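Work through the exercises below with the structure in view. Each task is followed by a solution in steps.

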Amino acid sequence: MRSLSSYSPQQKSSLARLEPDFTALRHLVEQADAGFWLAAVEDGRVQGVYANPAFEEIWGRGLETLYDNPAAALAAVHPEDQERLAAKWEQFYQGRRFEEEFRVSRPDGRVRWVKLRSQGVAADQDNKAALLAGTLTDITSERRAAAAIKEGEARRAALLGCPVLGMALMSPEGQILESNRVFQELLGQGGEIEAELRRLAEKLQRCGDEFGQVEMRYLRRDGQTAWARLGITIIRDQQGTPLFAVNLVENITGHRRAEEALTLSRERFRLLYDKAPLGYQSLDEHGHCLDVNQTCLDLLGYAREEVIGRWFGHFLAPADKNRFEGIFAELKEKGEINDVELDLVRRDGTGLTVSLTGRIAFDEQGGYQQAYCMLADITARKQAEAAVAQSEQKYRVLVNTLPAVVFRGYADWTLDFFDNKIEELTGYSQEEFNSRRRRWCEVIVPEDLERVRQAFLQALRTTKSYSREYRIRDRDGKILWVHARGQVICTDDGRIDYISGVLFDITREKEMEQLLAAEKERLAVTLRSIGEGVIATDTDGNIVLMNGVAEELTGWTQPKALGLPASQVFALFHDQNGSRCEDLVERVIRTGEVVVLANGTHLAARDGTARNLSASGAPIVDKDGQIIGVVLVFRDITTRRRTEAEFLKMEKLSSLAILAGGIAHDFNNILTGILGNISLAMLSVPQEDEVIAPQLAEAERATLRARDLVQQLLTFAKGGAPVKELASLTEIIRESATFACRGSQVRAEFDLAPDLWPGEVDTGQISQVIQNLTINAVQAMPGGGIVEVLAANVNLSEKSGLPLTPGRYVKICVKDYGVGIPEDHLAKIFDPYFSTKRKGSGLGLATAYSIITNHDGYMTVESKPGEGTAFFVYLPASSRELKPKRQGAAEVVPGKGKILVMDDDASVREVAGRILAHLGYQPDYARDGEEAIAAFASALAGGEPFDAVIMDLTIPGGMGGKEAIQKLRQLNPETRAIVSSGYADDPIMTHYKKYGFSGVIKKPYRVNTFSKELRRVLARQ
């Protein structure tokens, strides 16, 4: 505060007048919250006199900044209020009454709202204000409260005006004090809303809660059901007494329906997820299952709790477990995988193939969230693909074996060929056509092209199939004839899709047609020289022409037969009752058709000879189609009928062929084990042993008898091939017949040509035939007698009447003078199991017949009851010279080396191995051709190859010796292999060298036979 000495007299006078009061008030003002000040006015200038502490606190500056420098005072005002206050600032300095509210910017940066009041409080002698007084009040809080009240009112108005939320104020008594339009509309939709609000408010008041919320369903005026969310806030005073309640009502019908729809959608999605035909699963970052649908569980065969949390690779086949780690790593790296095939192992151990497709789901930061995988069961598809591949392979085999060129054609004359037979036909390669460098129309002879095109168009108009013959020109310019057959395949809209067809090379047939046409004229001239009988008649049936064959068959010469009725010269009778047949010529003339002579008829020649005929009659027509005569063409088929009768006998054997061969094969394997082990045992037992040695010998004889029985089964099996060798038939006949007569009252007498030709025969089989025939003769003479055994050399011609190829044969006859064979049994004696003996097997003669047939021979019988029976055997003779045999000991021949034994029968492998070990060899084994090839290749690669291989010919269900030897010889052309089998109906046993084998051992075998053949094969250089 300024001192009084600085004031003017007037100011001092004014202050002096106030002095008594100023002192008293000063203490009060110093403690006031409002700012107070005093200022003196002198010569129009205002100077501050006093300001209390509150003034400087509120103004933020001293009093001098308000009066000493008006510009500085105005600068302290907030810039936004300066313009408004500047207009009234002069009024303040003149001492007139002044009251304004404005903002002050304090030096510390804070802004305060202030209220400034001032006026003159003392006057001088001129009645002018000599002293000014004023107050400065901080109204910042009041202004903020007013702003808050104004903002609250605005917010209240905004809330009450909310177009979607109902709001209302409710008194503690439940009376609605104020509400907005939405609340009123919702309240009007259903009275239960207001009732529910009151119940909720009462509950809150009782419980002392300040907020409550509930969702309710109500009935609208239109009868539809709607949903509302009710919320209440209780406003209380400081004592907790409720003042009023704020009610909020929101129409949530759409939201609830959306939730219901979402719930339904989720349920439907889950149902679809679980019932989808594909398996779905989600995996964590380590490949463990997070979720699976029911289809996936069905694929795996596990329950959900057994799958969740398990690594997916656990359910894969061992070969795919490690693969899955790489597949899952690729999925995480790339974000997706498609159609990866995996093999699953179900809980029950069964397997199936699935296709796996996966996608990675990432979170908002791009991190791994989970993998969604889809599993499709493609087991059936894989099986179908395999079936299609197999079908395609079969189709390819069919195409390759067809004697035709298979093609697929198109409307532009381009063709696709399915194999290279087109190059064999035309000289052009398959690739030239398939690459479209050459079209088929370029190959067709131009003169035939239009005919081919018309045939194709005709096919389109009718059946869409065509058959056409035309000419083509090959690469060398040669003209060829082809027969094309095709089917046009069209699309649904009728456009040509492709043509599927085949091409046959008929060049030779066309050439033959041309040759036949050229020969047509000459045929009439040469008719008389043909090999069939020809008789031509006129329309009256009288003979006008006969050729030489007809003369020979009928016994009539042409001069004597001309003009005679054909029925007289060509007399036909029924075989069954001998009655006359219908006149063939008359029937042809009557019907005008070709007539074929019925079976069971014969021609009676002029000399009474009866001949079976194959004949037909046809009308002779002129150029106008009129019948001018009949031509009869006939052939003597007497010999053929006999042959057919013999073939009929052979057909009766075929019903048991496969069964006999199969049984014999298996039985021979069993006998091989028995006979081999007995043979080994006999080598280990001293001959002087009086107990074991005789028993082993008897067991060996019994086994050999069983072998003979098996041999009978094998020899009449269909297609049985004997193991032939050049042999003396004289020795075989004499030894076999003599042996068969031993112990009986029948003696064999021999009449064998001294120069009897040798034969290439299976010695054992032919010996069996002679023994069987001799045994039958012995049994036919139970009281004893003589069996005559004869053999002679014969040359058979085409007119022999026997079903044999002309050539050199040895004719053998075994004749007895026993009871004979009834005539009705003669046709059956060679049938399997036919026997008139109580203890007969019915295989003896059937076996003998089969053996002779397999030797390309023939066997027949003549017999009269009470006079005896004679069997005749014809065997082909050999032109080779028979050398004397060197007598060799039957001792066992030891050896050494590595021998591989291939046989599907374990007992055969075991006995062969024991025999080899006994002989000094080192055996190894294989069950079939695949194992034998693998073992052979391994030994060859290891530098210790096998010295020989003994291979079974037939391996059921596997590769046999025939196929395996070819593979072995590819590995080593010098392979020494022995074929071993008891299955005699395979020519490999006879011609083993032709098939790559070095030797043959028939099952069952003994040690000495086995050792000699093995030693012979190993000795070959």
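**Exercise 1: Strand β38**

Task: In this predicted model, which residues of β38 point one way, and which the other way?

Solution. Step 1: Ala977, Val979 and Ser981 point to one side of β38, while Ile978 and Ser980 point to the other. Step 2: In a regular strand, side chains alternate between the two faces of the sheet. Step 3: Buried means under 20% relative accessible area. Of the 5 residues of β38 (residues 977–981), 5 are buried, so the strand is largely enclosed by the rest of the structure.

**Exercise 2: The neighbours of β38**

Task: Find which residues are the bridge partners of aspartate 952 and isoleucine 978.

Solution. Step 1: Strand β37 (residues 948–952) runs parallel to β38, and 4 bridges join them. Aspartate 952 has serine 980 of β38 as its bridge partner. Step 2: Strand β39 (residues 999–1002) also pairs with β38 in the parallel sense, over 4 bridges. Here the partner of isoleucine 978 is glycine 999 in β39. Step 3: Together with helix α31 (residues 961–971), β37 and β38 make a β-α-β unit, which is right-handed.

**Exercise 3: Helix α9**

Task: Locate the buried residues of α9 and describe how they are placed around its axis.

Solution. Step 1: Helix α9 covers residues 192–207, which is 16 residues. From first C-alpha to last, α9 reaches 22 Å, close to the 22 Å expected at 1.5 Å a residue. Step 2: Its buried residues are Ile193, Glu196, Leu197, Leu200, Ala201 and Leu204. Step 3: Viewed down the axis of α9, these buried residues fall within an arc of 135°, so they line one face of the helix.

Notes. Residues numbered from 1 in each chain as written. Predicted model: local features only at pLDDT ≥ 70, side-chain atom pairs only at ≥ 80, totals over all residues. Heavy atoms only, no water. Helix = DSSP H or I, 4+ residues; strand = E, 2+ residues; numbered from the N terminus. Expected span 1.5 Å × (residues − 1). Buried < 20%, exposed > 50% of the residue type's maximum accessible area, 1.4 Å probe, protein only. Arc of directions from axis to C-beta. Pairing = 2+ DSSP bridges. Right-handed = clockwise from strand over helix to strand, strands pointing away.
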